[in-house]
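I opened this notebook to record what I looked up in one structure. The entries follow the order in which I consulted the coordinates.

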Amino acid sequence: MAGYRSLVASRIRGQLAYRTSFAFLTLTSAAVAVVEFTEIYVILHNVPIFGGLNFAQAALVFALANLGFAFADVVFGQLDAIPTLLRAGQLESLLVRPLPLMAQLITNDFQLRRLGRAAVSIVILIIALGQVSITWTPAVIYLVVSTPIYGALIYGALFAVAGGVQFFLIDGAEFTASFVYGSGYAGELPGSVLAVPLRLAFTFVAPATITGYAPALLILQLPGPAFLPAWLGWCAPLFAGTTWLLAWLAWRAGIRRFTGAGG
């Protein structure tokens, strides 16, 4: 762990050495969250109720899900580089080291600038919590604090699944990106607006609705739509564990299949 901490610390120091560049990159990351939230604002500016939620309630769903995705992107976003490493034949240099491959990939290119997106989500979350009607109980406090954490675990597992699948695909970065980032986008929306097949897919296959919508229903004391009851929000640890089991299987299968590119 000391070696990993040293590596991450060196990456952070290197990024902070160029403060102007780091500031612009962080603002760019924050702008992504602002643009995504603007879509919710535009919809609810014209339609007062979206998927059974008003603007403040929809903002709460967005903030919870987006914050979880932002944390996952900080830690696991580097797995997007696997297709490039495979094509360049550079993955072998990591496999010969006596360290877990995923841990090396996570710490190899740690990008602190991605916290800009998380900062925007935190601001939106604080404002949304002040605008909605909530009865503050220990259960509600638990949901507000734990939902982004479990969301980060779920999205992190999806990043890992996408990374493992890369070993079976030829230049499949766009396909897996649509899977991971598509799940992130679906998680930001009220699950009730999704068609039933998509609602089932983004709940029981790629559980994006569990990262924001279902817990928000519990916080707001609202019922859920068909096939997505509010009580599923309590099952976030189960969904996170199941998704990571799938990620472990996909990652293990991918590593075992890899035979090298001659790099």
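**Entry 1: Glu188**

I looked up the polar partner of Glu188 and found that its side chain makes a polar contact with the side chain of Asn66, at 2.7 Å. I take a polar contact as a pair of N or O atoms within 3.5 Å; within protein, one must be able to donate a hydrogen and the other to accept it, and residues adjacent in sequence count only if both atoms are side-chain atoms.

I note that this is a predicted model, in which local features need pLDDT of at least 70 and side-chain atom pairs count only at pLDDT 80 or more, while totals for chains, interfaces and linings use all residues. Residues are numbered from 1 along each chain as its sequence is written, and side-chain values use heavy atoms, with hydrogens and water left out.

I placed Glu188 in the loop between α9 and α10; helices are DSSP runs of H or I with at least four residues, numbered from the N terminus. Glu188 counts as buried because its relative accessibility is 3% (buried is under 20% relative accessible area, exposed over 50%, partly exposed in between, with a 1.4 Å probe and protein chains only). Leaving aside neighbours within four places in sequence, I listed Glu36, Ile40, Val61, Phe62, Ala65, Asn66 and Arg117 as its contacts (heavy atoms within 4.5 Å).

**Entry 2: Helix α9**

I then traced α9, residues 173–187: its 15 residues reach 21 Å from first C-alpha to last, close to the 21 Å expected at 1.5 Å a residue. The expected span is 1.5 Å times one less than the number of residues. Its buried residues are Thr176, Val180, Ser183, Gly184, Ala186 and Gly187. I found these packing against α3 (55–76), α8 (138–165) and α10 (196–205).

**Entry 3: Aromatic pairs**

I recorded twelve aromatic pairs in the structure (ring centres of Phe, Tyr and Trp, the last by its six-membered ring, within 6.5 Å; planes under 30 degrees apart are stacked, over 60 edge-to-face, the rest tilted). Phe69 and Tyr155 are edge-to-face, because their centres lie 5.1 Å apart and their planes stand at 75 degrees. Phe69 belongs to α3 and Tyr155 to α8, so this pair ties together parts 86 residues apart in sequence. Phe69 is buried at 2% relative accessibility, and Tyr155 is buried at 0%.

I next examined Phe204 and Phe239, a tilted pair with 6.3 Å centre to centre and 45 degrees between the planes. Phe204 is partly exposed at 48%, whereas Phe239 is buried at 13%. Lastly, I noted that ring pairs link Phe37, Tyr41, Phe55 and Phe62 into a cluster.

Definitions and conventions: Helix = DSSP H or I, 4+ residues; strand = E, 2+ residues; numbered from the N terminus.
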